[in-house]
Amino acid sequence: MSSKVFSWLPPLLVLLMAAIVADGLTPTAAAAFNENYAVQWGADGYHLVDHGTEVNLAMDQSSGAGFRSKSTYGSGFFHMRMKLPTGYTAGVVTTFFLISQPENGEHDEVDFEFLGDKDGKPITLQTNVFVNGQGNREQRLHLWFDPAADFHDYKILWNPYQLVMFVDDTPIRVMRNLTGVVPGYEFPAKQTMLVRASIWDGSDWATDGGQAKVDWSKAPFTAGYQGFDVDACATDDGDSGSGSATPCDSPALWWNGDEYRNVTDAQREAYEGAKKYMYYNYCMDTVRFNNHMPPECSYDL
């Protein structure tokens, strides 16, 4: 590389950068949105604004917005950085999720759903898992930080062994694949899934059971998204041309390796600590299920 590139830098920094380049450790640039994702709705230049490595989704009374991955995936460690709308956000639902296609009543789905609230009330994070069209696995918590104040990482590890949902590096939901071991146990293992994200009007249910509605005088409600790299096994060429030649359950894929087949001791401890922020867990709702609890409720971790 020509020394002219570094001519304006301090000598010590020149040496450091030259060493990094020589070792092949040049940092990889963040993926642009359109490398792995495409607009799904709100493609008018206002409701979804593409800044390259950051996208803003806005909702007003005329529309919300959403995007999807160009490929479907069979396993992976999915991640998105999000900053949620601020202020009065009752009725506003902001999401990051995986979902199989088509959505025909027998789909699989793994949801991060952020439910807005009135001024002074904390945003709720609701997670849910659907298997073969059957959901009703909601968990709700108030996070230990304000998710509208800054960007945070939201991650989904999905492999043949477990499903783990993370906020930053803290597991907040863990589901083991006990299919065939526990009668009636269901795990999302058979269907491939898209990555999707959206902002939309959930006035009929999202806040206080639908009693607090979206206040359109506060619109637009805007969410930020970053982190458009995808560490996952693409199962089709789709729009991205990135179909994988490696089976998605292969141990050669790093997210299927031994260290990702169960949570670590440190993750288990963090997971137990995060439970104190949870205020609704379907596995505790004996009235809803008439004391016939779903089988996974007896097999946490």
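Biologist: Is C233 buried or exposed?

Modeller: Buried means under 20% relative accessible area, exposed means over 50%, and partly exposed lies in between (1.4 Å probe, protein chains only). C233 has a relative accessible area of 1%, so C233 is buried. Before going on, note that this is a predicted model, in which local features need pLDDT of at least 70 and side-chain atom pairs count only at pLDDT 80 or more, while totals for chains, interfaces and linings use all residues. Residues are numbered from 1 along each chain as its sequence is written, and side-chain values use heavy atoms, with hydrogens and water left out.

Biologist: How many disulfides does the structure hold?

Modeller: A disulfide is a covalent bond between the sulfur atoms of two cysteines. Here the term is applied to a pair of cysteine sulfur atoms within 2.5 Å. The structure holds 2 disulfides. One of them joins C233 to C248, with an S to S distance of 2.1 Å. That link is left-handed, at -80 degrees about the S-S bond. The pair connects distant parts of the chain, 15 residues apart: C233 is in strand β15 (residues 231–234), and C248 is in the loop between β15 and α3. Helices (H or I, at least four residues) and strands (E, at least two) are DSSP runs, numbered from the N terminus. C248 is buried as well, at 16%.

Biologist: Which residue forms a disulfide with C283?

Modeller: C297 does, and the two sulfur atoms are 2.0 Å apart. The torsion about this S-S bond is about -80 degrees, so the disulfide is left-handed. C283 and C297 both lie in the segment after β16 (278–281), so the pair ties together parts that are 14 residues apart in sequence. Both cysteines are buried. Numbered in sequence order, the bonded cysteines pair 1-2, 3-4.

Biologist: How many salt bridges does a search of the whole structure find?

Modeller: Side chains of opposite charge can pair when their charged atoms come close. A salt bridge is a side-chain nitrogen of Lys or Arg within 4 Å of a carboxyl oxygen of Asp or Glu. The search finds 11. One of them lies between D265 and R268, with the closest N and O atoms 3.3 Å apart. These two residues are 3 residues apart in helix α3 (residues 265–274), which means that about one helical turn separates them. D265 is exposed at 63%, and R268 is partly exposed at 27%.

Biologist: Which residues does UniProt list for "active site"?

Modeller: UniProt positions are given in the numbering used here, feature names are shortened, and annotations may be inferred rather than shown by experiment. The unreviewed UniProt entry lists E109 and E113. E109 is buried at 11%, and E113 is buried with a relative accessible area of 11%.

Biologist: What does the side chain of E109 make a polar contact with?

Modeller: A polar contact is a pair of N or O atoms within 3.5 Å; within protein, one must be able to donate a hydrogen and the other to accept it, and residues adjacent in sequence count only if both atoms are side-chain atoms. The partner of E109 is the side chain of H107, at 2.9 Å. Contact in general means heavy atoms within 4.5 Å. Leaving aside neighbours within four places in sequence, E113 is in contact with residues including T94, Q126 and W205.

Biologist: Which strands does β10 pair with?

Modeller: Two strands pair if DSSP finds at least two bridges between them. Strand β5 (residues 73–83) is joined to β10 by 7 bridges, and the two run antiparallel. Within that pairing, F78 stands opposite I156. Strand β11 (residues 162–167) also runs antiparallel to β10, with 5 bridges. There, L157 has V164 as its bridge partner. β10 and β11 form a hairpin with 3 residues between them. In β10 (residues 152–158), 6 of the 7 residues are buried, so the strand is largely enclosed by the rest of the structure.
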